[in-house]
Amino acid sequence: PVLPDPAGTTTVTVTGYVQDGSVLIAAIGWRLDNGNWTSLPGTFTQLKENFSFNVGITADGPHTVTVRGTNTAGGSAEGYDTFVIDRGTPSITLAGLSGVVGNDISVNGTATDSITKVVDVEYKIDTGGWVSALAVDGEFDEATETFTMAIVELAEGTHTLTARAIDEVGNYSSEIIRIFCV
């Protein structure tokens, strides 16, 4: 398998093994997407050979790593794993909330990620702790999510609402800030 998957980094680790039932393994190679084959270093002399290697990746999006094992008789077999690289941040928008409002408010918005899923939207009032918003469809599990924040029993005065979205690999959006009065 490729780990982590999805990844928010440019390096992933591929681990596994190549096995033949009766002929010794002679070589193991790999390639990323449809690139050139790279041979793994080492001497292979067993029916089952473990491998682990790092792959550096520069492009966000889906990728495939293919591993090929070759035995001493010249036979070969391939296996592959697909994974996603997402180094970008999600985006977030809020609807309304300006000027003077009541002490119980509901704020709606949308969070979007171009590669992986949005897994949470958090908000805080003033210097309070982060609280998860509610996904309108019941769960944060899609690339685009609409959400609502039910904020109750606010004291009179000026308040700051800060919100952010989080994607599947842990990338945070820029914080969006709204200042309003109760």
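Visitor: Which residues are in contact with D167, leaving aside its neighbours within four places in sequence?
Guide: D86, G88, P90, D113, T116, K117, V118 and V119. Contact means heavy atoms within 4.5 Å. This is a predicted model: local features need pLDDT of at least 70, side-chain atom pairs count only at pLDDT 80 or more, and totals for chains, interfaces and linings use all residues. Residues are numbered from 1 along each chain as its sequence is written, and side-chain values use heavy atoms, with hydrogens and water left out.

Visitor: Where does D167 lie?
Guide: In strand 14. Strands are DSSP runs of E with at least two residues, helices are runs of H or I with at least four, and both are numbered from the N terminus.

Visitor: How do you know that D167 has no salt bridge?
Guide: A salt bridge needs a side-chain nitrogen of Lys or Arg within 4 Å of a carboxyl oxygen of Asp or Glu. The nearest side chain of opposite charge to D167 is R87, at 10 Å. Lys and Arg count as positive, Asp and Glu as negative; His and the chain ends are not counted.

Visitor: What does the side chain of D167 reach at 3.1 Å?
Guide: The backbone nitrogen of V169. The backbone nitrogen of N171 lies 2.9 Å from a polar atom of the D167 side chain. The cut-off for a polar contact is a pair of N or O atoms within 3.5 Å; within protein, one must be able to donate a hydrogen and the other to accept it, and residues adjacent in sequence count only if both atoms are side-chain atoms.

Visitor: Why is the pair of R87 and D60 called a salt bridge?
Guide: The closest N and O atoms are 2.9 Å apart, and the limit is 4 Å, so the pair qualifies. R87 sits in the loop between strand 7 (76–85) and strand 8 (91–94), D60 in the loop between strand 5 (48–56) and strand 6 (61–71), so parts 27 residues apart in sequence are tied together.

Visitor: What makes R87 partly exposed?
Guide: Its relative accessibility is 36%. D60, at 32%, is also partly exposed. Both values fall between the 20% and 50% limits.

Visitor: How many salt bridges does the structure hold?
Guide: The structure holds 4. One of them joins E78 and R68, with the closest N and O atoms 3.6 Å apart. E78 is in strand 7 and R68 in strand 6, 10 residues apart. R68 is partly exposed at 26%.

Visitor: How do you know that E175 and R164 meet in a salt bridge?
Guide: The N to O distance is 3.9 Å, which is within the 4 Å limit. E175 is in the loop between strand 14 (158–167) and strand 15 (176–181), while R164 is in strand 14, 11 residues apart. At 44%, E175 counts as partly exposed. R164, at 15%, counts as buried. E122 joins R164 and E175 in a network of salt bridges.

Visitor: Which residues have the most contacts inside the largest nonpolar core?
Guide: V121, F147, M149, I151 and L161, in a core of 23 residues. Strands 8, 9, 10, 13, 14 and 15 each supply at least two of its residues. Strand 10 gives the most, with 4. Another core lies apart, with 19 residues, among them L32, L40, V65 and F83. A nonpolar core is a set of buried Ala, Val, Leu, Ile, Met, Phe, Trp, Tyr and Cys residues joined through side-chain atoms within 4.5 Å.

Visitor: Which side chains of strand 5 point to one face and are buried?
Guide: E49, F51, F53 and V55.

Visitor: What makes strand 1 and strand 5 edge strands?
Guide: The open sheet has 3 strands in the order 1-2-5, with antiparallel pairing. Strands 1 and 5 each pair on one side only. Two strands pair if DSSP finds at least two bridges between them. Strand 2 (residues 11–19) and strand 5 are joined by 9 bridges. Among them, Y17 partners N50 and T13 partners N54.

How values were computed: Buried < 20%, exposed > 50% of the residue type's maximum accessible area, 1.4 Å probe, protein only.
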